[in-house]
Amino acid sequence: MERAQERVSTSSANGSEGSGTALELLVHGVGGTTPQEMLNDPSTVRITGDDTAAVFRRAEDADAESRPQDYRDRPVQEAYVWCNLTSGNSARALWLLLLPFMVVNLAHWMRPDTRGRRRTVRLYGLLVRLAGLTLTVLLVAAACEVALDLAAWQCAGTRACAEQHSWLGFLSPDVSHDGWWSRPGRRLALAAVVPAALTGLLWYLSRRTWSAYESVQPMSHRAEPDEETGHSGLGSPGFWYGRRLVARLRAAHTAAGLLTVAAAVGSAAARHDRRPGGPGTLDVLGWLLLAAIAATAAVVLGVVCSRGRSENRVDQERDKHLVRGLPLAALALLLLAAVYAGWERPGWGSTGRLLGGGATFGGIALLQGALVIALAVVAHLLHRTHPDTRAAMRGLSGPAVATLGCALGGVMSGGVAQRVSDWLDGTGTSLAGPPVLLTWQASVIPVLLVVLIAFCGWLGRRAWLLRRTQLGEVQPDYPSEPTDAARTSRIATTRALATLTDRAPLLIAVVAGTTLLLGAGALVGAMTTDKVPARAAQDAYAFVHGAAQTAQALGSWLIGLGFVLFVTWGRRAYKDASARRTIGILWDVGTFWPRAAHPFAPPCYAERAVPDLTWRMATWTRATGGRLVISGHSQGSVLAAAAAWQLSPSDRSRVALLTYGSPIERLYGRWFPAHFGPAALTSLHHDVDCWRNLYRLTDPIGGPVRLPGDQEPEVDRKPLKDPLAYGRTAQHPLPAPILGHSDYQADPAFAEERERLLARLRPGVPTPRPEAGAQEDAGRSST
């Protein structure tokens with residue numbers, strides 16, 4: 001392997017300038033694959049890269065640059081394998097904990113396409129970052145609820161519960177006979193280790209992935225005017241280098257988590273000291289401690305609000321004092337709060353719930369709702385400035401996804417609290433349980449599921465009606481073939497199901513809107529009654545009372561089931577590589593974007609993959625004079641486009657782009673219009689030498705690019721036949737499978753388009769584009 005790397009680097013530097021050797025750089029899609037499968041050869045060598053992401057060749061092509069005469073009739077094929085960026089070692093299973101953070105981070109990039117509204121764009125980013133901060137506080141507050149309230153305050157303070165759980169006996173005044181740790185403040189101080197450790201774990205995961213991903217510096221190039229980049233930031237020099245912002249946000253969120261724990265510990269003791277006749281000195285110290293916590297929280301808020309991403313340059317500044325000092329200051333306050341709470345206070349006992357829990361969760365829910373509504377207003381204003389008919393939900397996809405992220409965080413937090421409460425209080429009578437709001441939030445889940453099931457039924461009916469339409473459109477694609485009703489039905493059904501992807505915006509809109517309304521109703525019900533739904537409806541009509549009881553019980557059961565499935569899935573992913581790959585598919589789609597809104601989101605693999613591809617393409621075109629086709633399947637096509645944007649204009653004009661099964665317009669263009677909208681894709685089409693796109697009607701992910709206006713040469717080829725043969729033929733003696741999203745290279749059209757792209761390219765300067773008529777004739781002959 002080392003010899004292969006040495007030969008490639010030497011030949012690139014010393015030989016083949018202007019040789020005309022062509023390169024096809026293959027980039028796989030979601031789920032990953034092996035270099036042997038991509039290159040269709042069992043013998044491959046790694047020519048550059050590491051165990052995380054690398055470029056491979058066939059063993060016989062390792063020194064291709066030194067033998068250009070052997071590659072006049074065929075390109076040198078290379079495979080860029082990046083699947084380990086998202087589904088590598090078993091530590092990836094811990095990323096399930098970060099799912100709400102990933103979702104809210106996606107909302108940052110879903111803003112509508114804008115021009116000339118910089119302040120509004122900054123406000124949009126600020127609102128998403130604040131929503132991300134509330135998720136961090138919510139998760140840590142849930143850990144405080146479990147460790148401080150349910151375990152240390154309620155269970156350890158109740159004799160029956162403490163006797164049932166012997167590991168809490170040393171914290172119980174009755175079981176330990178007033179032992180040193182049995183004082184309420186000391187119990188809280190000791191229990192604070194759990195949420196503090198959770199915060200430390202989040203910091204560690206973010207810091208570890210930061211050094212592996214964001215530390216990779218992209219190839220330097222000059223920033224191009226907006227008019228040349230098509231109003232997309234993907235071509236900006238610093239777009240894929242978010243190291244400074246992630247470090248600042250990580251420091252702020254870590255400090256926010258530690259301050260949440262400090263406030264939970266310190267405020268409980270401070271409330272006891274403020275009672276009439278309480279210790280005056282401790283009362284003053286309590287006020288000073290809370291004031292210091294509030295001041296530090298203001299600094300955290302200022303850091304989150306003060307700065308967004310710097311994309312016009314590669315930002316090398318580190319902000320070392322802030323990155324180190326802010327979390328250390330919060331940790332110091334947490335230690336002071338633990339000492340303050342642990343001070344001897346005669347007569348202090350723990351009864352009922354730990355005060356402040358309900359107000360905390362209610363305040364977070366109210367703030368998240370306000371942020372989402374404000375975000376929707378800003379997104380509407382941005383979309384109205386430059387309307388994009390293809391944008392999902394008319395520009396409101398970002399607020400909708402942010403709503404789902406906040407709801408997911410609430411369900412995870414409430415689920416953990418309720419499951420721990422049920423586990424500690426087996427009889428359900430000795431403990432007060434978690435805050436009422438968490439029970440209300442669980443009770444609305446069955447209603448949400450009813451709405452979701454009804455909508456899915458409507459989608460199924462639409463798909464069935466579309467299938468009936470497709471039954472008449474399959475046979476014309478296979479003329480002179482005998483009709484087979486079963487075969488036609490399978491093809492039509494696959495085509496109809498593939499269209500459900502285009503209904504995703506409507507599904508997200510329904511779920512997000514219903515979630516927002518039900519969440520508001522749960523908040524109002526909890527705050528006005530201060531009772532769980534079943535007790536709040538006790539005096540209502542029998543039907544209402546029964547519905548409330550059913551919703552409360554079913555909601556608790558569903559949260560328990562979801563929690564068990566979540567833990568089981570994570571445990572299986574930790575041990576099973578195939579399960580980790582399944583989780584990796586989710587991250588492939590969700591972690592393409594940099595961590596601009598939440599530093600604890602899973603790392604952005606594109607901050608490694610895009611510079612890798614950019615460096616490879618630039619070094620090849622400069623060393624050999626050009627002739628490079630970057631061939632991307634599925635998510636690989638998105639990486640290929642992002643890497644092409646990062647090239648200099650001269651290098652970009654010597655690269656051809658071949659995409660197949662590509663979601664670049666069908667998903668990214670609709671959900672992320674600011675970066676993959678019509679203007680950006682049109683600009684990419686004009687900047688590269690040529691771009692061809694292949695898709696099938698049976699593909700639920702890939703689709704046409706559909707550039708506006710008359711674009712020449714045309715990007716989209718007519719839909720490929722799937723299956724390749726309707727019945728048995730001499731070329732297909734066995735029934736041809738319906739391929740859908742996979743195995744595009746098995747279609748002869750793939751080789752035709754690749755050869756056509758390679759024929760267009762010449763060493764040095766690209767050939768002129770064909771006339772519209774010639775391109776049209778070529779399109780007819782290819783179909």
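How many cavities of 30 Å³ or more does a search of the whole structure find? The search finds four. The structure is a predicted model, in which local features need pLDDT of at least 70 and side-chain atom pairs count only at pLDDT 80 or more, while totals for chains, interfaces and linings use all residues. Residues are numbered from 1 along each chain as its sequence is written, and side-chain values use heavy atoms, with hydrogens and water left out.

A cavity is defined on a 1 Å grid over the protein atoms alone, as a set of points where a 1.4 Å probe fits but cannot get out; lining residues have an atom within 4 Å of a point. Grid points are joined across faces, edges and corners, and a volume is the space filled by probe spheres set on the points. The largest cavity holds about 80 Å³ of space. Eleven residues line the largest cavity, and the closest to its centre are Tyr241, Gly242, Leu245, Arg309 and Ser310. Its lining comprises two nonpolar, four polar and five charged residues (Ala, Val, Leu, Ile, Met, Phe, Trp, Tyr, Cys and Pro count as nonpolar, Asp, Glu, Lys and Arg as charged, and the others, Gly among them, as polar).

The second largest cavity has about 50 Å³ of space. It is lined by Leu97, Pro100, Phe101, Leu135, Leu139, Gly409, Met412 and Ser413. By class, this lining has six nonpolar, two polar and no charged residues. At least two lining residues come from each of α4 (99–108), α5 (118–155) and α14 (397–424), and α14 gives the largest share, three residues. Helices (H or I, at least four residues) and strands (E, at least two) are DSSP runs, numbered from the N terminus.

Seven strands form an open sheet of mixed pairing in the order β2-β3-β4-β1-β5-β6-β7; two strands pair if DSSP finds at least two bridges between them. The edges are taken by β2 (44–49) and β7 (690–694), each with a single partner strand, so one side of each has no neighbour in the sheet. On average, neighbouring strands of this sheet are turned by 25 degrees against each other, direction ignored. Axes are lines fitted to C-alpha atoms, for helices over the stretch in contact, and angles run from 0 to 180 degrees between N-to-C directions.

A hairpin of four residues joins β2 to β3. These two strands run antiparallel and are joined by five bridges, with Thr44 opposite Arg58 in β3. Strand β3 (residues 54–58) also pairs in the antiparallel sense with β4 (residues 76–81), over four bridges; here Phe56 has Ala79 of β4 as its bridge partner. Helix α23 (residues 635–646) packs on the sheet, where it touches β1 (23–27), β5 (628–633) and β6 (655–660), and its direction makes about 140 degrees with that of β5. Contact means heavy atoms within 4.5 Å.

Aromatic pairs number 24 (rings of Phe, Tyr and Trp, the last by its six-membered ring, with centres within 6.5 Å; planes under 30 degrees apart count as stacked, over 60 as edge-to-face and the rest as tilted). Trp240 and Phe592 form an edge-to-face pair, 5.4 Å centre to centre and with 70 degrees between the planes. Trp240 lies in the loop between α9 (226–229) and α10 (243–273) and Phe592 in the loop between α21 (577–590) and α22 (606–624), so the pair ties together parts that are 352 residues apart in sequence.

Notes. On a 1 Å grid over the protein atoms alone, a cavity is a set of points where a 1.4 Å probe fits but cannot get out, and a pocket is an open set with protein on both sides within 12 Å along at least five of seven lines; lining residues have an atom within 4 Å of a point.
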